[in-house]
Amino acid sequence: MAITPAFIISSLVLTISSIIVTTAQPLTNISLGLSLTALNDDDNSFSTWESHSGKFAFSFQKIEKNNKSGFLLAIWFNKTPERTIVWSANGDNLVQQNSKVELNTSGLFLKDPKGNQIWKAHINEKTTSFEVYYAAMLDTGNFVVANNDSVHLWESFHEPTDTLLPTQTLTQGTKLVARYSYTNYSPGRFQFTLQEDGNLVLSTTKFPLQTKNYPYWESHKVGNGGIRLIFNQSGFIYLEEKYGSMLIINTNSSSRQGDDDDQVLYQRVVLEYNGVLRHYVYYNNESNSSVTLLPQNICVDITDQDGPGACGFNSYCSLGDDRRPKCGCPNGYTLINSNDESRGCKRSFEAQSCGGEAVEYENENDDNGFEFISMENTFWPKSNYDHFQQVNEEWCKKVACLGDCFCAVAYFKNGECWKLKVPLVNGRRDPIVGGKAHIKIRKDSTRNGKVLEKNKHDNNDSKLILIGSVFLSGSVFMNVLLLLATCFVIFRFKQKTKAIVPPKFEAIKGKSLRSFSYEELEKATNKFSEQLGSGAFGTVFKGVISINGYSNCIAIKKLDKIDMAREASGEQEFKAEVSAIGRTNHKNLVQLIGLCNEGQHRLLVYEFMSNGSVASFVFRPSPRPSWHHRTQIGLDIAMGLCYLHEECSTQIIHCDIKPQNILLDDSFTARISDFGLAKILTKNQTQTKTGIRGSRGYVAPEWFKNSGVRVKVDVYSYGIVLLELICCRRNFEAKVEEENEMILCDWVYDCYKDGKMDMVLVNDEEALGDMNRVERFVMVALWCIQENPLLRPTIKKVIHMLEGIIQISIPPNPSSFTN
């Protein structure tokens, strides 16, 4: 989201450069009672409402959408062969032949052939007289509806679609919305918005909803930022700021040097369907030029945490010679819809099986019938679920990815390896990316790599064996030769397997958890010298282990509260519970990679999280984590909990959700730790004197009532954590100026109830500029911390509420019980 080069210019220059000539334009008034009818172009009755000079026209254009035709009420350039559309009314709801647009004293209305209203111009009723007197198509491209005092009651310039024209401004709170595709004028996947806080933002949308998703370019002008975005008659586009300065958007104008007004016929700035803002200039000699304004490279600038990115899922974005993004499918994948690149790509082969019936392969190599095709400078940064350091490229492909049924791509760069899974998200192919993506695809099914399922091919195999036996029975020499060849192949297979399998991995209950000796872990931690933290379950130390000659950082948790007087059945229970933890696999959970179960030593080995805990990240004195980052952490935690509660083969209740138990990986993705440990500790050592598990401030009320504990205890704890993320403070702070601010949940509810949410966001300009989302997150948190567990939403519903998919009702007071 880097800002393009721009110049901040003094108010004097602004005053001189932004003068717009506003001489009165000759009008061709459209009288009350007139109408236009949608008819085929070859019909003699086809008519338009044109501007005085004939440069612009207002009427119906016939459009093809999803292999169906319909009519779009639009404004277009009337002196170009293409009749380029610059505004439209009903892009998402095309009308049929004989539909009408008509002007009456109440306004401008679009109706279908049955008289049903499809669209209307929203008349400004704040004027002294809001009765319509006439309409006009102006030579600026602005269509206006006016009263008898010539006051504009409505104008198309105030309700732009995807285009700005010279003299048009974008005011705070207004936006351009890209169309869905080149021929589909319904709202698409990108927006260009001048926010209420003055920040000018290009963002993706949560398509098909039109809510903003993530920004991929922004002016970073907040508070004292932009008042309005101006496109003047000279072709300059700039953000007018408070105190008279401005931010120039087009430092390199599309206009050719020496052009004068007589040469230029039209200009427009358009947010294209691919998310790029471009400036077009059309000349009287029917030539035209264009230049990309923002961003300069959308393929690498879009860094959304979710959503398809610049192109669809399982696809990648690359820049063409014209600086426009091109969408493509990786090797082995094809477009889902050849007429709609944004739908993404699908596998053109059968996916690798993760289990089921036993399988055999016709080839004799240990490649499971799959191979890799490499793509330089290609990556899907939001699809990785595992990461290794100090490894080589062959290890990345053949050890890390080839045998993993979840792995679709092995990405290698500078000695580091990432495993990616489908759907592949936010793909880009660009020299700036570097590295190499190895796409795992099934081999040619005509011979090698063809999977033969035993239950389907036993009969065929029997026939082949019979034919082979008859053929070979005629020659003893051939039988001996076949035996020798078979032994040689088996020997080579075992040798190759030994070479690539990491040492000392033991399977526990179907999961490849590595079994460590205590001596090995003592050596890895330098006798447990570097402590990372401690908690209810034990102490965590940093260590380094070697796998196939490569060093990897790990986190080792010594479970110092295990009941050492276990029976044999207790030992089996410990192994079973650890196995259940090991089988979990989610991007928002810290992965268990091994254990030590030796004598009285019980240690668990986890992947190392380099950026510490959410507590140290959010509660640090400065700098304050960004609002965008805090909201993403909140969603990450919710998705991790959703996996534990609803997607695991065995449901896991965490019982101790708090910021200290949420860790951040290399990319600052939130990962839940310590899940499942409550069940492997003895009851008397995981409960306080009141029989409560969890940490003060995050404990659900039902713990105090000796009632059954369900997954809703985690939802309650999550609600407290979400409030802490929103406000960047702990749930209880004794040293505050006002006594009513000590308990966070009570204070936030009071501020929410009184409509003073800005009180909890002091000096947080980014969050103050996104109050709709702030209020939504606060409402979700207040529902999560309801005293009655039945009132709390499930964690899946929490995710839908956070994402704006479902409506949120007003939460009641969570109860004074929390005091």
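Before we turn to them, how many helices and strands does the chain have?

Guide: The chain has 15 helices and 47 strands, where helices (H or I, at least four residues) and strands (E, at least two) are DSSP runs numbered from the N terminus. This is a predicted model, in which local features need pLDDT of at least 70 and side-chain atom pairs count only at pLDDT 80 or more, while totals for chains, interfaces and linings use all residues. Residues are numbered from 1 along each chain as its sequence is written, and side-chain values use heavy atoms, leaving out hydrogens and water.

A search of the whole structure finds 20 salt bridges, each being a side-chain nitrogen of Lys or Arg within 4 Å of a carboxyl oxygen of Asp or Glu. One of them joins Lys436 and Glu376, at 3.7 Å from N to O; because Lys436 lies in strand β37 (residues 436-442) and Glu376 in strand β31 (residues 370-376), the pair ties together parts 60 residues apart in sequence. Lys436, at 24% relative accessibility, is partly exposed, as is Glu376 at 44%, with buried meaning under 20% relative accessible area, exposed over 50%, and partly exposed in between (1.4 Å probe, protein chains only). Glu376, Glu393 and Lys436 are also linked in a network of salt bridges.

Another salt bridge pairs Arg671 with Glu607, their closest N and O atoms being 2.6 Å apart. Since Arg671 is in strand β47 (residues 670-672) and Glu607 in strand β45 (residues 601-607), this pair ties together parts 64 residues apart in sequence, and both Arg671 and Glu607 are buried.
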